[in-house]
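This report looks at selected features of a structure.

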Amino acid sequence: MSEQTPHASAHIVDEGAEGVPTFEATGGDWSQIAEEAARLGEERIVVNMGPQHPSTHGVLRLMLEIDGETVTEARCGVGYLHTGIEKQMEYRTWTQGVTLCTRMDYLAPFFQEVGHCLAVEKLLGITDDVPERATVIRVLLMELNRVASHLVALATGGNELGATTIMTTGFTGREEILKIFELITGLRMNHGFIRPGGVAQDIPPGALDTIRETLPRVRDYIGQLSDLMLGNPIFKGRLVDVGYLGLAGCMALGITGPMLRATGLPYDVRKHTPYCGYETYDFDVPTATEADSYARVVLRIEECHQSLRIVEQALDRLQAMGPGPVMVADKKIAWPAQLAIGSDGMGNSLDHIREIMGTSMEALIHHFKLVTEGFRVPAGQATQAIEHPRGEMLVHLVSDGGTRPYRAHFRDPSFNNLQAVSLMCEGGLLADVVVAVAGIDPVMGGVDR
Amino acid sequence: MSDDVRRDATGDDAPADAPAEAKDAAAAAKAGAGVVGTPASDTPQTATEAAHEAGAQHLPATAGEGAAGPVLDVVAVRRGMFGAQDTGDTSGYGGLVRTVAMPGPSERPYGGWFDEVVDILAEVLAEQGVPYEAAIEKVVVDRGELTLFVRREHVVTVCRALRDDQDLRFELGLGVSGVHYPADAGRELHAVYHLCSVTHGRRLRLEVAVPDADPHIPSSTPVYPGHDWHERETYDFFGIVFDGHPGLARIEMPDDWPGHPQRKDYPLGGIPVEYKGAHIPPPDQRRAYN
């Protein structure tokens, strides 16, 4: 590929890459592309779109070569949001890692948290010891999060087409779910609520009823969105048969999630390799066969309804089981502090402070050790697959027997799925690039990590 | 920054060799040595207790390795604790030796469908004239997951066999990532491939180990085109060169970035933070339980 492309050029790379064909798509390469275009003197226009562009779904840079209104070549430039979260995780304990990985895909924080914790639990060999109540709370939060994430996908997708009402409706609907998150975790995003071994604390009293009261409103917003989008002739005109990517293309590029299901393959990790007891919930995996942007919108709406089905089942289970432990019984792993609301907000409970500071030296040592050093995880590696709103997420953790991950890698679905931009956009119209990218629904925080 | 980057790759972890921090820790351990701040007299006490308990946790692990059990794959040996290397180490753990050992090769039966997949793979490879022993270094079954260690010259053949044979059918290549073991001489860099079979409902991992001096692996993109960006990322972060990749450029870091940030000898970066007169070092230079 690099040999045939006119503007593939040698660039400053370290000596390890000598003799390797390189293909520059970011950074200082832009001036060279422009110079080369001027030198060749062709009627070729290279459009740089992003990274700061309202329709690129985040800090995504698209390099489009156009002939009239037709895109002849489309490439992505990513990395603008790279913050080295995986590297950071190697310098924090296994529990602190939750706080970091939740910031990767900021629209679906619970999926990273749960994925990380399940992988840590697999490494520790305590998967079966996690209390049932904690697992149900995890499922509840993940499925609510899936709805919130899909609402943003639909909302921003509409906004990028200029349909502001779709945006405001979607975001208002998401607000209802964020209120639930705030009620349960104290935060609207970046929760750090799931912990290895369980969750940080039980759901507060009355939360089940609040969620039950909220769900009809969320359904109402989803209904408004489907009314606004699905029957709208302009919307259909923009989305039907746009951004096509069939089954062969999806499988070749490792694309999963709604994009793969829009080709008719009902591949869903929750059914394929169940985790968190998903095999015990009653839900369907919606599919479509058109494999275009419109089918992806229909699928995301349908997936919201399926997620709400799971949420209701989780609520029933929580109601039926009553209060109980939400953290493993093993005191060598479970976070020692009990949380309580004080006059200055949430913190360690006074009873706990009184015990460790006043009565038990051993409890103080235990608290100190677990909080500063953390627990040790036996050496080895584990991979946990999670059905993320955007596709299959893999969490690959390697332990060297220490209190911190030796290596943490998150295979983020957005990162993988963005590879499809060339296939979906080349040969199409310039305006359809926006629609195709919105159909992928990349979240750059997850792409760049 | 490039000076830091080019640190000796065979050394220990970055946090382990920070002598300045060791002195700080030692100074802190002398209670009441004129340290500013009220909790000074409490902290060293608990820190010492913590050290005792940390040491106690070590003992069964080190003893267990000598006992008859599964073969372990030693990837590093670490000495001491908290990064203290000199005479200032008052923790009493300066002489501690800890081997870091990954789960070693498994014996048959591997259990579940693992045996079936390995048998069929051996058969398919033999049909293609590649002896099984030449391609597969070892099979590791750990925590219910199957890992095949593949010799790098056969990784594309193995991938193709796993994807195309109807009884294997690992049609979904989910990605490639790297792991750096600087103390594992001759096998410093590992590339890890995650494959999934939608047809059979199976997952496995391939692992390829290459020396730091010759970090070349044939690209798996002819078999799994979706590994394109993943291999670019692995090259970017670890410096593993995937031969035959259509355009192996950096993807996350800027094009002219020196070094490969996810390597263990690459510093995390950061600056010391001053708070109420005390200096808190950046995370990779803090005292650590190595």
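## A buried glutamate in chain A

A:Glu121 is buried, with a relative accessible area of 1%, in what is a predicted model. The residue belongs to helix α4 of chain A, which covers residues 109-124. The side chain of A:Glu121 reaches the backbone nitrogen of A:Gly197 at a distance of 2.7 Å. When neighbours within four places in sequence are left aside, A:Glu121 is in contact with A:Ile126, A:Thr127, A:Val130 and A:Arg138, and also with A:Arg195, A:Pro196, A:Gly197 and A:Gly198.

## Cysteines

How many disulfides does the structure hold over all chains? The number is 0. A disulfide is a covalent bond between the sulfur atoms of two cysteines. For A:Cys101, which is in no disulfide, the nearest cysteine sulfur is that of A:Cys117. For A:Cys425, the closest cysteine sulfur is in A:Cys76, and because 7.8 Å separates the two sulfur atoms, they are too far apart for a bond, the cut-off for a disulfide being 2.5 Å. A:Cys101 counts as buried, and A:Cys425 is buried as well. The values for these two residues are set out below.

| A:Cys101 | A:Cys117 | 7.0 Å | 0% |

## Where chain B meets chain A

The contact between the two chains involves 78 residues of chain B and 75 residues of chain A. Between them, chain B and chain A bury about 6,400 Å², of which 53% is on carbon and sulfur atoms. On the side of chain B, the residues that lose the most area to chain A are B:Arg143, B:Trp229 and B:Asp255, which together account for 13% of what that side buries.

Across this interface 5 salt bridges are found, and A:Asp400 forms a salt bridge with B:Arg78 in which the closest N and O atoms are 2.5 Å apart. The count of residue pairs in polar contact between chain B and chain A, with both residues at pLDDT 80 or more, is 26. Several elements of chain B each supply at least two residues of the side that touches chain A, including the helices α3 (42-66) and α7 (227-238) and the strands β2 (97-103), β4 (145-150) and β5 (172-180). By class, that side of chain B has 38 nonpolar, 17 polar and 23 charged residues.

Definitions and conventions: Residues are numbered from 1 along each chain as its sequence is written. Chains are lettered from A and ligands numbered from 1 in the order in which they are written. This is a predicted model: local features need pLDDT of at least 70, side-chain atom pairs count only at pLDDT 80 or more; totals for chains, interfaces and linings use all residues. Side-chain values use heavy atoms; hydrogens and water are left out. Contact means heavy atoms within 4.5 Å. Buried area is the accessible area (1.4 Å probe) that two parts lose on being put together, summed over both. A salt bridge is a side-chain nitrogen of Lys or Arg within 4 Å of a carboxyl oxygen of Asp or Glu. A polar contact is a pair of N or O atoms within 3.5 Å; within protein, one must be able to donate a hydrogen and the other to accept it, and residues adjacent in sequence count only if both atoms are side-chain atoms. Helices (H or I, at least four residues) and strands (E, at least two) are DSSP runs, numbered from the N terminus. Ala, Val, Leu, Ile, Met, Phe, Trp, Tyr, Cys and Pro count as nonpolar, Asp, Glu, Lys and Arg as charged, and the others, Gly among them, as polar. Buried means under 20% relative accessible area, exposed over 50%, partly exposed in between (1.4 Å probe, protein chains only).
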